[in-house]
Amino acid sequence: MSGPALIPRISLTWLLAAQALVIIPHLLHVPTWLIPLWLVCGGWRIQIFRQRADYPRGWVKALLLVGVTAGVLLSHGTVVGLDAGVTLLLATFVLKLLEMKRQRDAQVLIYMGFFVVVTAYLFEDSLLSFAYSLLPISCLTAALIGLQQSRFNQRPWATWRLAAGLLLQALPLMLLLFVFFPRIGPLWSMPTPDVARTGLAESMSPADVAELSRSSELAFRATFDGPIPAKERLYWRALTLDDFDGRRWSQSSINRRANVFEPPWQKQGEVLDYQILMQPTGQPWLFALDVAEPAADVGRLQVDFRVQSAVPVEQAQLYRLQSWPEAVRQPQLPDVLRRLNLRLPSGFDPRTRAWAAELRQQYPDDQALVLALLQHFNREPFHYTLRPPVLGQHSNDEFLFATRRGFCAHYAGAMVVVLRAAGIPARVVAGYQGGEVNQTGNYLLVHQFDAHAWVEYWRPGKGWQSVDPTFEVAPERIEFGLEEALADEGSFLEGDLLAGARLRNIPLLNQLRLAWDELNYNWQRWVLGYQGEQQLRWLQSWLGTVDWQRLGLTLVAAVALLLMVLATWLLKPWQARPPAQQRYLQQVERLLAHLGVQRQTGEGARRFSQRAQVAIPAQAAVIKAFFQEYERQVFAGEQVDELALRAACQRLRRALPWWQRWR
Amino acid sequence: MLDTLEKAIASINHVVLGKEQQVRLAVACLLARGHLLIEDLPGMGKTTLSHALAKVMGLSFQRIQFTSDLLPGDILGTSVFDKNSGQFVFHPGPIFAELVLADEINRATPKSQSALLEAMEEGQVTIEGSTRPLPEPFFVIATQNPVSSSGTFALPESQLDRFLMRLSLGYPSPAAEKNLLMGVTRRELMQNLQPVLNHAQLATLQAEVPKVQAREAVIDYVLRIAEASRAQPQFAYGLSPRGALALLAAAKAWALLAGRAYVIPEDVQSVLPAVVGHRVRQQADASGHGGAALVQWLLREVPAL
Amino acid sequence: MRSLLAAQRARWQRWLNRRIPPAREVRLDQRRIFIIPTRQGLGFLLLIALLLIGAINYQNNLAYFLAFWLLSLFLVAILNTYRSLSGLVLRHLPSVPVFVGEQACLPLELIAERRSYQALALGWPPAQLSGADVEQGGNTRVELFLPAAKRGWLKPGRLRVESRFPLGLFVAWSWVDLDQQVLVYPAPMAGAIPLADHGAQDDDEGVRIIPAGVDDYQGLRTYQPGDNKRRLHWKAYSRGQGLLVKEFAGLAGRDVWLDFASASGGVEQRLSRLTHAVLTLHQQGHAFGMRLPGVELAPSDSASHRDACLRALALYGLPT
C-alpha cells in the first residue's frame, strides 16, 4: 500500500458525496458559477475513474485556475476577506478533483473538506446546521477509510458505518477536550463574514423601526435568576439617539465614541440578575435593562448608560448582567451633555417649537410639563399604527397636529423635540420592549418586532427619567406586545408570512415552536456560549479552583482513562487471556525451570511431572499434587476450579526456598 | 473388568515373551475395533501373538496364508452346487472368523488383497449378489514382510490407511530369547491357554472406548499433530482426517487400558508411532518406510500442552 | 561507517530475534506490534492545528468541536490501527520449489480468530507489499512472490506485516520470521544429456538412451502417490475402475546414469544441463540414476525420484 496507490472506488464514492454535502450549506453565499464548475469537475473525475476520460493537461488546469481567480474577483471584487476566501477555497476544493490521482491527493482533498466544514460554521452555527454537518463529517471520514480499503471492496455502507463507529468512539474524548480545553482570546483578528443582518442601527428614522417591526427574527433571549419581571418593566436599552437632523435620529459623536467616561450613578433598590444570549448584530452594543453593571470581560458602561463590548458582536454572544432598575442616573449633568441634549436643528418644525414655548409658559415645572405632554398624547385622538401616512418636511409638526397616526418612533421623536424646545434635556432611547415568555424554559424571547423607542429626560438632582409616550397611546403595546396593539389593523408581521411567531394562535404548534426555540436557546447557551466566563464558572463548580496545572492534569488523566476504557472495549484482552490452567501451568513451569527442570515441547503434563519429581525429590509431593489437580481439570473434565489450582501452585512456591520463588 | 483385561494381557505375555508394549497396543487396537498390521520378518512371533490373542479373548481363529495364487474366493468363500438339494450352497471362507490372521498379505495379488481389505472396511461380504455379515467382533491381523522381495505387492497408502495400527515386533531381548529357548514350546503353551474374556465382556469393553473422555486440550493436541504433519516440508503428505480420528480412537482405547476415563497427551503419544507411522511419508524417501523418523519428530516438536 | 551500520543492523536483528523469535506460527500481540503515525497522520495533526487556530481566532465553539473531534479521532485511530493487526495469526505454509529465473511463491496463511482484518499488507521491502483481507473466524492463503535469482534455499528473511487501517493516520507493523523458504532448482539448460560412461560391460548396447523399463508390459496396479503420471491408465479411470498404473519391467543393467563428470561447462552450467536432463528423462518416462560428486541416486522413474535429483542439484556444493 506504499507507492503510488490508486484511489479505491469506495473512497471516491464517499469523497464525491462528502463534497456535495460540504458545498451545499455554502450555496447561499457563494457565487452561482461554482455549481456548474463543481458539476463539471465531478463528472470529469467520474469519467476518469471509468477510464473514459483523461486527467486534464497542464494548460487546462492553468486556464481553470486563472478562470476561477477571475471569477472570484468579479464576484467579490477582491480575493481577500472571508467571503472571497471561502469562494476561493471551495473552487480549489472542486478543482483539486481533477488533480486527484493518488492516495495522497485524495487525502489532501479530504482534509480540505474538513476545513470547508469549519468555514460553514462561521456563517451558520445553529443546531440544525451543526446536525447537518455531521453528514459531511461522516462521509469525509468514510472516504478516509475507503482509501485504505481493498479495491475490491464493494460495500460503501459498511465503510460509512465504520466511519460512524469511529466518530462515536471519539465522541467522549472530544467532549472531554471541549469541556476542559481552556478558551483563549483571539490570537489575531480575522475577517468576518458579511451577512445582511436586521436589527437596530446607529441612526433611526420612523421607517426603519417600521421595517424592523415586520421582522420575526430573534434579537436575543434572556434568563432571569429570579422571576421574570412584568412586561411593562422590560425596557431593553440598546443605545441612545441624541442627535436630530430634522428627519433622522442618530448618535452624537461624543455619544458614539466608546469609553469616554462612565457616567456617575447610584445603586438603589432591587437588583436583577439575568443572562442574555444575543444573536449576532454586527454592532458593538449589548442589550441591557437599566442600569447595568457589566463584568470587565463583557463590556463597559458608556456615557449614555448603554453597555458596549470591545468588539462588534459577530457571533451569538452570551453574557451575564446585574441591573438596578431604580438606580439614580447621572444626578449632575455636565454642560457638554446638557447642550447636546437640548440641541435642535434650525428650520424644522416651527409649529412644534411654538407649542413647546406655550407649554413652558403654562407649566414652569419640568415634571408638570412632561405629565401634561403625556396626557396630551393620551387625551387627543392619537392612533397607534404601523401604516402611518407619509410625512413631509416638518415631520413632527405634521405628526403632532395633522396626521396623529404613528408608532413608537414617531411618539418618542416628537416628544423629545417638544421637551428640548421647552428647554428640558431629553433623548430617544432605542432598544426592545417586552418579549415573549417561554413558559417551559422559563426565559424570555425578544424578537425584532419588539424593537421600541422611548424617551428619557433629565431632571436636576434626580437624573435621567424614562417615559414612554407610546404607552399613553397604546398601552396594550406595552402590556401585551405588538400583536395585541395591532389587532384591529391586522398589520402584525405583514411582510413575513412564514414567521414562526404567526403560529402563536395555534396552541399545539406554538408549543412546538417554543420547545424548538428552547432547544436552540440551550444549544446556544451551553454549546456555542461555552466560552470564557461560562466555561470558568462551570469548571469551578466541578473542580473547585481552576488553575492551569490542575486543568492540565485533569485533562490528561481523563483522556488517558477514556483511552484505556476504549482500549479495553476494543481489544477485549480477557478474550485473549489464556485459561487459568494454562496460566498456572506456565507459572509452575517457570518455577521448575529455575530449578533446572525444563519441560520439553512434546512433553505432556504427566511425564513432565514424573521427571520433575525425580529431579527434585524434596518437592515431589507438591509437584505431584499440582499436576494431579491440573490433569483433573484439563483432561478429566472436572469442574474448573481456579482456586484449587492456584492453591496447588502456591504450595509449590512456598515449598521452595525464598530466593527461588521469584526470579 | 479391567482386572480381567490385565489378566488377559498377562496370559498373552506369558506366551509372547518380552513384547509387553506390542501386546498392549494389539489389545488396544482390538478394543478400538480397528485392525492390525504387523510388519516383520518371518519367525518373529506374529502368528503366536495372533493365536494367543484369539485364545485369551475367546475368539474363533482362522489363518489365511496369502500367496500369489490366492483367489478372492479362497478368502471369502464360494457357492457350491449341492446335488442333494439341487441348490447352490454357500461355503463360507476363512474370513468368517472372529480373529483372522492374514499372513504375508503382500504376497497376494492386489485383487485378493482388496477382497480382504474391503471386507474389513465394510464389516460384511457380498458374494454373488447376497450380502453376508461378518462375525462380531471381527478383528484382522495382517502381516507383511518388510523387505519387498520379488513377487510381492506392497500395500498402497490407501489400503494401509485401513489398518488402525502398524506394529513391528522386532527381535526379542536376549533374556526373553533365552527364556524362549529354555522353556516349553510355544505350541504346548498355546494349548494350555484358557479364555479369560467372553464375548459379552469384550463387547462391553469395546463399547466403553468411545465413552472415554477426550477434552479440548487433547483434541487440540491431535489437531496440532495433524496440522504439523500437513505443514512441514519433510512430510510428503500429512495425516488425513481419518488418520486423526484413528489416532484419537486408539488413544481412547489406550486410556481405557490404563484404567482412566479420560485421555491425556501421553496416551496419544503412546499410540502415535503405531497409528501414524504408516500414514505419513517422508518427502525425500521414495520407498515409503521412513515414517518412524517423522513420528519421532512429531513427538518431539509438537507442543503437547 | 559501513561496518558501523552493519553492526547496528546486526544488533537490531538480534533484538528482533529476542523479541519476536522465529516460529512457524506467530500471533501478533503487543510485544510484536510497533506503531507510529504516518505522514498522512502528521498532515492530519497539521489540519487539526489549523482548525484550532481558526476556532481560537473566531471564538467559534463549533470549530473547536470539530478540531477536538478530529483530535480524538486521531487518538482513537491509534487503538484501532493497533487492533487491525493485533490477534492476527500468521502461519507458515510449505512452498513449491521453482527454477532460477522464475518467481518464487512463498505462501502463508493468515488466521483471524476473533475479528476480521482488512487491508493488511505483507511483503519484504523494498519489494511492494501485497494486500490481504481475512474474514472473522476464517483463514486466507496469501501468496507472496519473490524473484528466484540463485539456486539453493531462498530465504527472504523477516516478513513485514503492516496495517494502516482504518484511517491511514497510523501504521502498525511487525517483522515476523515464519521460517519461510523455497527451494530454487538450477535453471534448466538445453543440451546433450550428460550420460555416464559405462565402460566395457555395456559395450554391446552402446551409449544410447535405452527406453529402460518401458518395453515389457507387466500388468496394472493401483496408483500410489509418487508414481509417474504418464503411466496412468486413463482408460480404466474413465471406466470408473479407479486410478491404475501400467507396470513395466525394466531390464536390469540397462539403467541410465546421469553424471556430473560428463557434463560440459562450469559447475553452474553442468548443474543446469543436468537439470534439463532430469526433466527431459522424467518427462519421457525413463528411469535414470544420477551421480554428483559425493551424491549418488539410484535409478528410478518416479516423480519423487525426480524431485530428489533436482533437490540434490539445487543444493550441490552449498553449505547446509
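Select chain A and colour its three domains: domain 1 (9-168), domain 2 (207-345 + 424-507) and domain 3 (580-660), with bounds that come from an automatic or database domain assignment. The C-alpha centres of domain 1 of chain A and domain 3 of chain A are 64 Å apart.

The model is predicted, so local features require pLDDT of at least 70 and side-chain atom pairs count only at pLDDT 80 or more, while totals for chains, interfaces and linings use all residues. Residues are numbered from 1 along each chain as its sequence is written, chains are lettered from A and ligands numbered from 1 in the order in which they are written, and side-chain values use heavy atoms, with hydrogens and water left out.

**Gln19(A)**

Next, select Gln19(A), found in helix α1 (residues 9-23) of chain A; helices (H or I, at least four residues) and strands (E, at least two) are DSSP runs, numbered from the N terminus. Gln19(A) counts as buried because its relative accessibility is 1%; buried means under 20% relative accessible area, exposed over 50%, and partly exposed in between (1.4 Å probe, protein chains only). Show also Trp38(A), Phe93(A), Val94(A) and Leu97(A), with which Gln19(A) is in contact when its neighbours within four places in sequence are left aside; contact means heavy atoms within 4.5 Å.

**The interface of chain A and chain C**

Display chain A together with chain C. The contact takes 59 residues from chain A and 48 residues from chain C. The area buried between the two chains is about 5,200 Å², and carbon and sulfur atoms give 71% of this; buried area is the accessible area (1.4 Å probe) that two parts lose on being put together, summed over both. Across this interface the rule finds 16 residue pairs in polar contact, both residues being at pLDDT 80 or more. A polar contact is a pair of N or O atoms within 3.5 Å; within protein, one must be able to donate a hydrogen and the other to accept it, and residues adjacent in sequence count only if both atoms are side-chain atoms.

On the side of chain A that touches chain C, the elements giving two or more residues include α5 (103-123), α6 (127-148) and α18 (507-528). The largest share, 11 residues, comes from α7(A).

**Salt bridges elsewhere**

Over all chains, the structure holds 42 salt bridges. Select Arg360(A) and Asp366(A), whose closest N and O atoms are 2.8 Å apart in a salt bridge. Arg360(A) is partly exposed at 23% relative accessibility, and Asp366(A) is buried at 19%.

Move to Glu227(B) and Arg91(C), whose side chains meet in a salt bridge (3.2 Å, N to O). Glu227(B) lies in helix α10 (residues 216-231) of chain B and Arg91(C) in strand β3 (residues 89-92) of chain C, so the pair joins two chains. Glu227(B) is partly exposed, with a relative accessible area of 34%, whereas Arg91(C) is buried at 17%.

In chain B, select Arg260(B) and Asp267(B), which form a salt bridge (2.6 Å, N to O); both residues are buried. Then return to chain A, where salt bridges that share partners join Arg237(A), Asp290(A), Arg329(A), Arg427(A) and Glu456(A) into one network.

**Chain C**

Of its 320 residues, 51% are buried.

Definitions and conventions
A salt bridge is a side-chain nitrogen of Lys or Arg within 4 Å of a carboxyl oxygen of Asp or Glu.
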